[in-house]
Amino acid sequence: MAKSKVLVVGGTGYIGKRIVKASLAQGHITYVLQRREMGLDIDKIQMLLSFKKQGARLIQGSFSDHQSLVDAVKQVDVVICTMSGVHFRSHNILLQLKLVDAIKEAGNIKRFIPSEFGTDPSRMGHALEPGRVSFDEKMRVRRAIEDAKIPFTYVTANCFAGYFAANLSQMETLLPPRDKVTIYGDGNVKVVYMDEDDIASYTIKTIDDPRTLNKTLNIRPPENILSQRELVEKWEKLLGKELQKISLSQEDFLASMKGLDFASQVGVGHFYHFFYEGCLTNFKIGEEGEEASELYPDVKYTRMDEYLKIYL
């Protein structure tokens, strides 16, 4: 069976550039949407040109031009959207509703993967304000997809290693501490840390797989289900020293939200659900989902001790 042709929307972003790379690596004809709104953003333009050198094809389009999106969609079989959904960068989740409209009109798409790649929003109806906005908006997109009867796969990838593992899950740095570390509560709540390139590899595996049609792919490989303390221990072993550990109670952590700007409040809320509530691991994957490492054992996913070595 011929491999599906793929359109990546948001291909110059943090996850998007990895999706493009994985799609090409797995032998798919890969298109990347070149948005007219890029203007003078030279970094994005040059990244698109580098994709072209690697074999990707560029399609011009704009979210302010519905027909251009329809025309782009008609050239492929699968659409993967990776537009940013984090408030400290750019937050564009609801722009996807325009993409849903274009996919519906085109009528040819056999799989749509919307921009999620984090926590399963269907499990976050109880989430704290203001951070719940991310989950609420993703659910609006899901409802639009399902109302339009567009075939889908939702990808929940949990904690990106670049943001959560490299820094031992500290909030104000992306580098690992070398002397002292803040521990959330007792530090024993299990979370899932994932190398972003592995997320992309698993995502591309799904697009021609009937087992993931209209299901949620949970990227939750067993050796990357770790508590914060277990992650810290891996770093301490690599570093050859023990860090001073400062425990932060749930009450003090939530109190720290007061006076913060909106984006920071969103971040605190999400950290609370991950590291105090355990929302990433406190459920069993049911019939509506599949676990990535079970479906695709050929993907040799990166363990966190290996991931952390580059930070020594």
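Guide: Gladly, and let's start with pairing: two strands pair if DSSP finds at least two bridges between them. Strands themselves are DSSP runs marked E of at least two residues, helices are runs of H or I of at least four residues, and both are numbered from the N terminus. This is a predicted model, in which local features need pLDDT of at least 70, side-chain atom pairs count only at pLDDT 80 or more, and totals for chains, interfaces and linings use all residues. Residues are numbered from 1 along each chain as its sequence is written, and side-chain values use heavy atoms, with hydrogens and water left out.

Visitor: What makes β1 and β4 partners?

Guide: Four bridges join β1 (residues 6-9) to β4, and the two run parallel. The rule asks for at least two bridges, so they pair. Within this pairing, V8 stands opposite I80, and V6 has V78 as its bridge partner.

Visitor: And which sense and how many bridges link β4 and β5?

Guide: β4 and β5 (residues 111-113) are parallel, with three bridges between them. There, V79 faces F112 of β5.

Visitor: Why are β3 and β5 called edges?

Guide: The order in this open, parallel sheet of five strands is β3-β2-β1-β4-β5. β3 (57-61) and β5 each have a single partner strand, so one side of each lacks a neighbour in the sheet. On average, neighbouring strands here are turned by 25 degrees against each other, direction ignored. Axes are lines fitted to C-alpha atoms, for helices over the stretch in contact, and angles run from 0 to 180 degrees between N-to-C directions.

Visitor: Are the residues of β4 buried or exposed?

Guide: V78 and I80 point one way from β4 (residues 78-81), V79 and C81 the other way, and all are buried. Buried means under 20% relative accessible area, exposed over 50%, and partly exposed in between, with a 1.4 Å probe and protein chains only.

Visitor: What does α3 lie across?

Guide: Helix α3 (residues 66-73) lies across β1, β2 (30-35), β3 and β4, at about 155 degrees to β3. Contact means heavy atoms within 4.5 Å.

Visitor: What is the pairing in the sheet β7-β9-β11?

Guide: That open sheet of three strands has mixed pairing. Its edge strands are β7 (159-160) and β11 (225-227), each pairing on one side only. β7 and β9 (residues 190-194) are joined by two bridges in the parallel sense.
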